[in-house]
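Keep the viewer open as you read.

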Amino acid sequence: MKKIILILVLFTLHTAATAQKKKEQSTTTKNEKWNSDLFKGLAFRSIGPALTSGRIADFAVNPNNHKEYFVASASGGVWKTSNAGITYDPVFDNEGSYSIGCVRIDPNNTNVIWVGSGENNNQRSVAYGDGVYKSIDGGKSWKNMGLKNSEHTGMIAIDPKNSDIVYVAAYGPVWSAGGDRGIYKTTDGGKTWKQILFVSENTGFNEIHIDPRNSNILYATSHQRRRQLYGYVNGGPESFLFKSVDAGTTWDTLKTGLPDGDKGRIGLAISPVNPDYIYAIIEAGPKKGGVFRSVNRGATFEKMCDNTTSGNYYQELFCDPKDVNKVFYMDFWINVSLDGGKTFKKIGEKYKHVDNHALWIDPDDTQHILSGCDGGIYETWDNGSNWQFKSNLPVTQFYKVALDNDSPFYNVYGGTQDNHSLGGPSRTTSANGISNADWFFTQE
């Protein structure tokens, strides 16, 4: 009897082991079927849309050929045009960040391009980057040059006399302290970096400027900010305007004529007509903020008006390349002053999207302007009376997407940043592929 029981136990164990082995083999075989080789022939394809486009962070226009320029998209990488925007080519798709804060062309060698990853706004949906990139072949290839913990890049400035000298305004993380914050300088083309200005782990830098007459003179703006789930802390006692006259070795805090107490984001612009003229737009306490102007390289400032914007999203200045008294600031609307900042008026944005972040003014024809906003790129040749929308830049920012079961091709739907809810086909029978006309607004 004992032998029979033992045989039954052994048989049961053997059967269970065999079943487990077959199960494992089956699972292994199934997993082997779903390996990377099965999908290696598949590739992502763009289905758009470009009928609304998305937030533009910066422009870098070739000073020797205005038909060629680079576009920094807040959530869509870097794009290049060589034909004044008739076509745009994505040049950053293989890099480590899709969120871009700024882009610069080396004035000494226009094949050298610098990109600061990580959008430099402070929105709820702002995406972070992974440092600073450099291209030496006009954007065909890129190399990450470091500062990977900056997360957001405020601005890059290149010495007009020495391409190896580059400055980076590192904003640092927006949701936490620490990271790479401050003004960083390289003297070897980005191989090594030195932090030459630092305030604290809570305060980064949003702008860095070089005096076009003397590259030893630098201006920088710090911004103390922090985003939390409950809200946004926009400012504090560590927001300052700094100046250096020895290429960043030492720095002075500019105060005369500027508001005291806690300040928010500070936007800065140097007039290319006369670099003695410096404009600043400053967030501060009630009746303290506004637009300020210096006519003596920052030694003293005079408050010109109370106009200011939100450092959460705007607060950037641009000077006209021919008129020292003409200055623009970015806001929901583009605002322009013709009297040195005393008064501002809307430039005019008929049939144009709002929420403006980037501006380029043609130095040869100041009626010709490129604007980058939440709706993409717009171009005017008559100082804003009329705008042309660039409907070929597919960088619409989707928060979420969903599919239906339509046939023969299913449709894709999504809610977008500032551009309604959209729907469009996954493919069409047209030899031209999916066009803007195939996309539609699900609701206004």
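The points below go from the cores to a sheet and then to a single loop residue.

1. A word on the basis: this is a predicted model, where local features need pLDDT of at least 70, side-chain atom pairs count only at pLDDT 80 or more, and totals for chains, interfaces and linings use all residues. Residues are numbered from 1 along each chain as its sequence is written, and side-chain values use heavy atoms, leaving out hydrogens and water.

2. Start with the largest nonpolar core, which has 16 residues. Such a core is a set of buried (under 20% relative accessible area, 1.4 Å probe, protein chains only) Ala, Val, Leu, Ile, Met, Phe, Trp, Tyr and Cys residues joined through side-chain atoms within 4.5 Å. Y167, F205 and W251 are among those with the most contacts inside it. β13 (203-210) gives the largest share, three residues.

3. Next, look at the open sheet of four strands, ordered β18-β19-β20-β21 with antiparallel pairing. Strands here are DSSP runs of E, at least two residues, numbered from the N terminus, and two of them pair if DSSP finds at least two bridges between them. β18 (266-270) and β21 (302-305) each have a single partner strand, so one side of each lacks a neighbour in the sheet. Five bridges join β19 to β20, and I281 stands opposite V291 in β20.

4. Finally, visit D382, in the loop between β28 (376-380) and β29 (388-389). A polar atom of its side chain lies 3.1 Å from the backbone nitrogen of S385.

How values were computed
A polar contact is a pair of N or O atoms within 3.5 Å; within protein, one must be able to donate a hydrogen and the other to accept it, and residues adjacent in sequence count only if both atoms are side-chain atoms. Buried means under 20% relative accessible area, exposed over 50%, partly exposed in between (1.4 Å probe, protein chains only).
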